[in-house]
Amino acid sequence: MPDILHASGGTGIPALSLRNVSKSYGETEVVSGLSLDLHAGEFVALLGASGSGKSTTLRMLAGLERPSSGKVMMAGQDVTDSRPAARNIALMFQSYALYPHLSVKQNIATPLRQAQLSALARLPGAGLLSACTRRRNADIDRRTRDIARMLRLDGLLDRKPGQLSGGQQQRVALARALVRDPSAFLLDEPLSNLDTALRHSTREEIRELHRRTGHAFLLVTHDQADALSMADRVAVMIAGRIAQCAPAGDIYHRPANRDVARFIGAHRMNILSPGPEAIALHPRGAKDEIGVRPEALRIDPEGGLSARLTSAAFHGEETLLHLRTEGDAELLVVTDGTAPLVPQGETMRFSAEATRLHCFDPTTGDRLEMAS
Ligand SMILES: Nc1ncnc2c1ncn2[C@@H]1O[C@H](COP(=O)(O)OP(=O)(O)OP(=O)(O)O)[C@@H](O)[C@H]1O
């Protein structure tokens, strides 16, 4: 079996792993026999459609949910039954609610104060009472300032969250999650509330943060651009299972099966059933399915594949052509927007380079190597 199913990317004992973990709610199994290793310093993205089981997987890693079967391991220790607080895992959720009445500095310091100070020592003025509390307060202050500096928040420490921009609030939430020096950092859709420009810059910031902290990062997202652009490895989750776990380039260029091929890519891959139209692109199409991304098909009067144009949509840098083949299959072609358009209903011809074709077993949907 290739390593694409057991999602491991490094050597040594992983910082965090799931071993054959399943989770059911009542009769419904939402995570099925999932194994995933996250090594120290690694950045892995768990990418899947809504409802594929990503958040449940993350919650099991964090200890917020107990697996129905299988094990959760941290640095080689079984932590399946350990409480979240015992795992030292930082979590950042989609809605990263900051405490509105506390300053930025107080927001960031809260996890440290809760972990290191008793309820009495957390009362205002308690720091004046004991030398130990004073020392701890000084340590919390130093670490809060360090992490604030790293996230470029040092000029904003006295502001309240309501006086910050969306991106600054996001950075405060990141700082608050990281201040305890966690052994792993789990991020659940951290960019989903951001507009496009802020999303791009926050991606860069999170990558930089990963480089600087050296923590193991696990990002949960349904957005493939986030996953492909940020992570060292991408685990594609489909219906409660990891369908493929590999570097982004492999996921895009060598999808492990038809489902991953269709899921990845800005535009859905065309997959032609075995028959004359698949053969028009490659002789393997006699027996196997042939996949071709819409951007890999080029308009070619000599091309073997013909299809009738049903509609065309201009999107600026690209034009989407929707077509129907003689065998009544839908075909999507993406051109760079400069190609002259034929009238609707006209037949167009296409070809594609063999290196840009994919071959799948029509029964199992598994990838077949073209060269064989
Ligand atoms: N506490 C629960 N009780 C019953 N079903 C649940 C519970 N939590 C999650 N589910 C179901 O489990 C499935 C997986 O949910 P999960 O939240 O893990 O998916 P997801 O991939 O994170 O989706 P999204 O991207 O929409 O957050 C869904 O069908 C969901 O309805």
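User: At what angle do helix α2 and helix α3 pack?

Analyst: This is a predicted model, in which local features need pLDDT of at least 70, side-chain atom pairs count only at pLDDT 80 or more, and totals for chains, interfaces and linings use all residues. Residues are numbered from 1 along each chain as its sequence is written. Helix α2 covers residues 104-116 and helix α3 residues 131-150, helices being DSSP runs of H or I of at least four residues and strands runs of E of at least two, numbered from the N terminus. Their axes are 9 Å apart and the packing angle is about 135°.

User: Is α2 oblique or parallel to α3?

Analyst: Axes are lines fitted to C-alpha atoms, for helices over the stretch in contact, and angles run from 0 to 180 degrees between N-to-C directions. Under 35 degrees counts as roughly parallel, over 145 as roughly antiparallel, 65 to 115 as roughly perpendicular, and the rest as oblique. The angle here is about 135°. That makes α2, relative to α3, oblique.

User: Which hand does the crossing of α2 and α3 have?

Analyst: A crossing is left-handed if the near helix is turned anticlockwise from the far one by less than a right angle, and right-handed if clockwise. The crossing of α2 and α3 is right-handed.

User: How do the residues of the contact of α2 with α3 divide by class?

Analyst: On the α2 side the contact is made by Lys-105, Ile-108, Ala-109, Leu-112, Arg-113 and Gln-116, and on the α3 side by Arg-136, Ile-140, Arg-143, Thr-144, Ile-147 and Ala-148. Contact means that C-beta atoms, placed from the backbone, lie within 7 Å. Ala, Val, Leu, Ile, Met, Phe, Trp, Tyr, Cys and Pro count as nonpolar, Asp, Glu, Lys and Arg as charged, and the others, Gly among them, as polar. The division is six nonpolar, two polar and four charged.

User: How far apart are the end C-alpha atoms of helix α4?

Analyst: Helix α4 has 13 residues, 166-178. The expected span is 1.5 Å times one less than the number of residues, so α4 should span 18 Å. The end C-alpha atoms agree with that, being apart by 19 Å.

User: Which elements do the buried residues of α4 pack against?

Analyst: A residue is buried if 20 or more other C-beta atoms lie within 10 Å of its own, exposed if 12 or fewer, and partly exposed in between, with C-beta atoms placed from the backbone. In α4 the buried residues include Val-172, Ala-173, Leu-174 and Ala-175. The elements they pack against are β6 (89-92), α2, α3, β7 (184-188) and α5 (196-213).

User: Are α4 and α5 roughly parallel or roughly antiparallel?

Analyst: Their axes come within 11 Å and cross at roughly 20°, in a right-handed crossing. The helices α4 and α5 are therefore roughly parallel.

User: How many nonpolar, polar and charged residues are in the contact of α4 with α5?

Analyst: Gly-166, Gly-167, Gln-170, Leu-174 and Leu-178 of α4 meet Leu-198, Ser-201, Thr-202, Leu-209 and Thr-213 of α5. The classes number four nonpolar, six polar and no charged.

User: Which residues of α4 does α2 meet?

Analyst: The α2 and α4 axes are 7 Å apart at an angle of about 30°, so the two are roughly parallel. From α2, the residues in the contact are Val-104, Asn-107, Ile-108, Thr-110 and Pro-111. In α4 they meet Val-172, Ala-175 and Arg-176.

User: Is Asn-20 exposed, partly exposed or buried?

Analyst: Asn-20 is in strand β1 and has a positive phi of about 50°, although not a glycine. Asn-20 has 13 C-beta neighbours inside 10 Å, so its class is partly exposed.

User: Is Asp-328 buried or exposed?

Analyst: Asp-328 sits in the loop between β15 (319-325) and β16 (330-335), with a positive phi of about 70°. Because 6 other C-beta atoms lie within 10 Å, Asp-328 is exposed.

User: Which residues does Thr-56 touch, not counting those up to four places away in sequence?

Analyst: Thr-56 is in helix α1 (residues 54-62) and, with 19 C-beta neighbours inside 10 Å, counts as partly exposed. On that count, Thr-56 touches Lys-23, Val-30, Val-31 and Glu-65.

Conventions
Contact = placed C-beta atoms within 7 Å.
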